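Hi there,

Here is the structure I promised to pass on to you. Have a look at it first, and then read my notes below.

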Amino acid sequence: APALDIDRIRADFPVLARSVHGKPLVYLDNANTSQKPLAVIEATDHFYRTSNANVARAVHALGAEATDAYEATRDKLARFVNAPSRDEIIFTSGTTQATNLVAYSFALPRLVPGDTILVTQMEHHANIVPWQLVCARAGAKLKVAPISQSGELLVDRFVELLTADVKLACVTHVSNVLGTINPIARLARECRRRGIPLLVDGSQAAPHLPIDVRALGCDFYALTGHKMFGPTGTGMLWARREHLEAMPPFFGGGEMIREVRFEGTTFADPPHKFEAGTPNVAGFVGLGAAIDYMDSVGLAAMAAREKALLEHANTALRSVPGLRVIGEAADKVAVISFLIDGVHAHDLATLLDLEGIAVRSGHHCAHPLMQFYGVAATLRASLAFYNTHDEIDALVAAIGRVRKLLA
Ligand code: PMP
C-alpha cells in the first residue's frame, strides 16, 4: 500500500490540533476510544440539520431520508465484516450490548445446570460479566482458557477445554491490553467440529484488521463504533441467521413487532426483532461515514502505517531503563502495555497528562488478566494510523523527564 500523507490525515481529525496543559496533544489512548474525522462529525451534524426524523415509522420525506441514511449503515457494516446478509446485522449501542444480547437471548435459554461457557484469560469484562450473570441464573459455570506469559492463547489447551458441557465459547479477536491477535479461524474450526458456537469480541480488531466473518467461521461477531472512528453509542452484533431466527428478543417495545395483541405479540423478522425503540439514528449515520472514511484511507495502508509505528514504539520504549512490556505476542496490533520499576502507573499517567500526553493507566476492564500478570495496573499506549513517530518519541522523552520526579 502507498504511504499515507500523514499531514493530510491528521488534518482530518480536528481534535489532534488542540493543545493540553499548554502542550500539543499526543493522543495515545485509541484503544479506549478513537478520535473522529471531520467526515463523521459533519455527517452527524448534517443529519440533524437536514433530515432529522425517526426511522421506519413516518411516510414523510424526512422520515424516509432518515431511514435510508440509517439503513445504509447496515449495508456498509455487512460489507465491512463480509456478512452473508444485511439482515444478520443487529444494531447495538456497542459491544457490551451485543454480548448481553447473546447472553440473554441465546445462552440463557440453552443453559442447564452443569453446562459451561468457555472464555479466555485475556477477555474484557464485557466478554466475561454477561456470561457470569447468565451462568448464575442457570446453574452453569465459566471455564477459562489459559494464556502464556507472552500473552498468547494456549490453543491446545483451549481445544482440550471444548468438551460436551461447553454451550458457547467467547474469545476476543484482539486483546485490548496486550494487542494479541487471536487465531480465530483455527479456534472456530475446532468449535464447529464439536458443534459449539463461537462468539468473537471484535472491539479492538475493527480499527486495525480486515474482518471477514465467513472466513473466520464464527457464529457471532460483536464490535463497537466508537473505537473505529465512529460515534459513541453505536455498535453491531453479527450472527448467523439460524441463531437469529431461534433467539427470542431481549428488549421489547416499538419497531420490533409484527402485531401486538394483549393476548400475545408476534415479532418482526431479524434484524428488527432485536432493535426495540428509537435507536441512535445520527450515531449510525456517523458510523456509516466512519466506514466510508476507513475505505477512503484504505485498511491496508492504515495497517502498514501502524506496523511501522508499533516497531518504532517497541524499540523506543525498550530503551527506557526498567521498562517492562506486558504482552509480546508474535501477532499483535499497535497496543502496548508496560510497567516501569518503582513507578505507579497512575502517577506516571497523571504526569504525562501534564505534558499533553494521553495514555491509559489502570486495569483496562480486564481484572483477570491483571491477576494473571500479578499487577494491579499497567500503562497502555495504543496507537492509531494518525499517530506519528514524533509522538512516540515525545512519550519516551516525557517518561524520562517525569520518572525523575517520581524516583
Ligand atoms: N471488548 C473489548 C476488547 C474492548 O476493548 C471494549 C472497550 N474497551 C469492549 C469490549 C466494550 O466496548 P463498549 O464499551 O464500547 O461496549
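A residue counts as buried with 20 or more other C-beta atoms within 10 Å of its own, as exposed with 12 or fewer, and as partly exposed in between, with C-beta atoms placed from the backbone. His364 sits in the loop between β16 (360-362) and α13, and its phi is near 55°, a positive value in a residue other than glycine.

Before going on, please note that this is a predicted model, where local features need pLDDT of at least 70 and side-chain atom pairs count only at pLDDT 80 or more, while totals for chains, interfaces and linings use all residues. Residues are numbered from 1 along each chain as its sequence is written.

Glu255 also has a positive phi, of about 70°, although it is not a glycine. This residue is in the loop between α9 (241-246) and β11 (257-261), and it counts as partly exposed because it has 16 C-beta neighbours inside 10 Å. The peptide bond from Pro270 to Pro271 is cis, with omega near 10°, and Pro271 lies in the loop between β12 (264-267) and α10 (281-297). For background, most residues other than glycine have a negative phi, and most peptide bonds are trans.

Now the whole chain. It has 14 helices and 17 strands; these are DSSP runs numbered from the N terminus, with helices (H or I) of at least four residues and strands (E) of at least two. Of the 407 residues, 47% count as buried. The C-alpha trace spans about 70 × 55 × 35 Å along its principal axes.

The domain assignment, which is automatic or from a database, gives domain 1 (6-30 + 298-406) and domain 2 (42-295). Their centres, taken over C-alpha atoms, are 28 Å apart. Each domain gives 23 residues to the contact between them, where two residues are in contact if their C-beta atoms, placed from the backbone, lie within 7 Å. On the side of domain 1 that touches domain 2, the elements giving two or more residues are α11 (299-318), β14 (335-340), α13 (367-373) and β17 (378-382).

Finally, the ligand. There are 14 residues around it, and Gly94, Thr96, His124, Asn176 and Thr224 come nearest; a residue is near if its C-beta atom, placed from the backbone, lies within 6 Å.

Enjoy exploring!
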